[in-house]
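Hi,

Here is the structure I promised to pass on. Have a look at it first, and my notes on what turned up follow below.

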Amino acid sequence: MRWRIVRADPAGNITLFVLDPVPREDRAPLAAHLMEQPQWGAEQVGFVCPPVMGGAGRLEMMGGEFCGNAARAFGMMISQEQGCVPRVTVEISGCSHPVAVEVDWQEQTAFAQMPLPQVIRPVTVCGIPCTLVEMEGISHVVAENVAPDIIFFRRVEELFSGGTRPDAYGVIFVNRAEGRMTPIVRVFSTDTTVWEGSCGSGTLAAAAALSRSEREGISRCTLIQPAGTLTAEVTRREGRIVAASLGGSVTLPAPEEFSE
């Protein structure tokens, strides 16, 4: 078999786009196989599909989850296909509506509209106060001033044992004083756990958690991550988040072939 692959690099969160059609039942094993290939160093895989909601293109992630970085990079790829237009609307798994992506080709950046957090509430993990941010397609626990730790991460999964489990969950370890975060994400359907180079939805979750005391206006949060820097912006009205976006660099090379 041969597949055409694009190795997208949105702020270090290496994402493979499979351009050829792949049956849904074959995606998880193919994604796992592609992520094992050392030449790519991939953290996740998305499959390009025909749009179903009127978008210019559709990307379905390997576990059906939502990914803000993948949305940004996919939007840039679609923009390139349309002659490097500055704005496109794309569809991403885990999101019930098309997502607008604005591309600055001179700066090599892309900013994506993000699904709004559905729930923001305090939780306690290992006796430490944290913030749970539930989003469409993924949930994150934001842990401030906690050293990145896999045992802490695994304890977070207990939060989802008694209710509806999300497609994926992450723990976002934030050092607020240094403006840094370290994300780790698990996708249930593919049974993968990855210390990510950067995490788009996790950056938005951090922005939502860090601005929870704000009532009105725009809060911008730029966080340095292991392999890149991302900026999330949330707009609040009477304490509620009414708009959100995510932006940062994207590197998008030409497609290549993978065969076995």
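Which residues of H4 are buried? They are Gly200, Ser201, Gly202, Thr203, Leu204, Ala205, Ala206, Ala207, Ala208, Ala209 and Leu210. That is eleven of the eleven residues of the helix, which runs over residues 200-210, so H4 is largely enclosed by the rest of the structure. Keep in mind that this is a predicted model.

Is Ser211 buried or exposed? With a relative accessibility of 4%, Ser211 counts as buried, because the cut-off for that is under 20%. Leaving out residues up to four places away in sequence, Ser211 touches Ser219, Val234 and Arg236.

Now the overall picture. The protein chain has four helices and 17 strands. Its C-alpha trace spans about 50 × 35 × 30 Å along the principal axes. The radius of gyration is 17 Å, which agrees with the value near 18 Å that a compact globule of 260 residues would have. Buried residues account for 56% of those 260. Among contacts with a separation of 6 or more, 56% are between residues 24 or more positions apart.

In soluble globular proteins, nonpolar side chains tend to be buried together. The largest nonpolar core here has 71 residues, and Phe17, Leu34 and Val45 touch the most other members. Another core, of 16 residues, lies apart from the largest one and includes Leu132, Val141, Phe152 and Phe188.

Phe188 comes up again with the aromatic rings, where ring pairs join Phe153, Phe160, Tyr169 and Phe188 into a cluster. Arg165 lies over the face of Phe188, at 3.9 Å from the ring centre.

The count of aromatic pairs comes to eight. Take Phe153 and Tyr169: their ring centres are 4.9 Å apart and their planes are at 15°, so this pair is stacked. The two residues are 16 apart and the pair links distant parts of the chain, with Phe153 in helix H3 (residues 150-156) and Tyr169 in strand E11 (residues 168-175). Phe153 is buried, with a relative accessible area of 2%, and Tyr169 is buried too, at 0%.

You will find Glu43 in the loop between helix H1 (24-35) and strand E3 (44-49). Its relative accessible area is 12%, so Glu43 counts as buried, given the cut-off of under 20%. What does Glu43 touch, not counting residues up to four places away in sequence? The list is Gly12, Asn13, Ile14, Met35, Met62, Val194, Trp195, Glu196, Gly197 and Ser198. With Gly197 there is a polar contact: a polar atom of the Glu43 side chain lies 2.7 Å from the backbone nitrogen of Gly197. The C-alpha atoms of Glu43 and Thr193 are separated by 9.2 Å, although the two residues are 150 residues apart along the chain.

Cheers

Methods. Residues numbered from 1 in each chain as written. Predicted model: local features only at pLDDT ≥ 70, side-chain atom pairs only at ≥ 80, totals over all residues. Heavy atoms only, no water. Buried < 20%, exposed > 50% of the residue type's maximum accessible area, 1.4 Å probe, protein only. Contact = heavy atoms within 4.5 Å. Polar contact = N/O pair within 3.5 Å; in protein donor to acceptor, adjacent residues only side chain to side chain. Phe/Tyr/Trp six-rings, centres within 6.5 Å; stacked < 30°, edge-to-face > 60°. Lys NZ or Arg CZ within 6 Å of the ring centre and 35° of its normal. Core = buried A, V, L, I, M, F, W, Y, C linked by side-chain atoms within 4.5 Å. Rg over C-alpha atoms; globule rule 2.2 N^0.38 Å.
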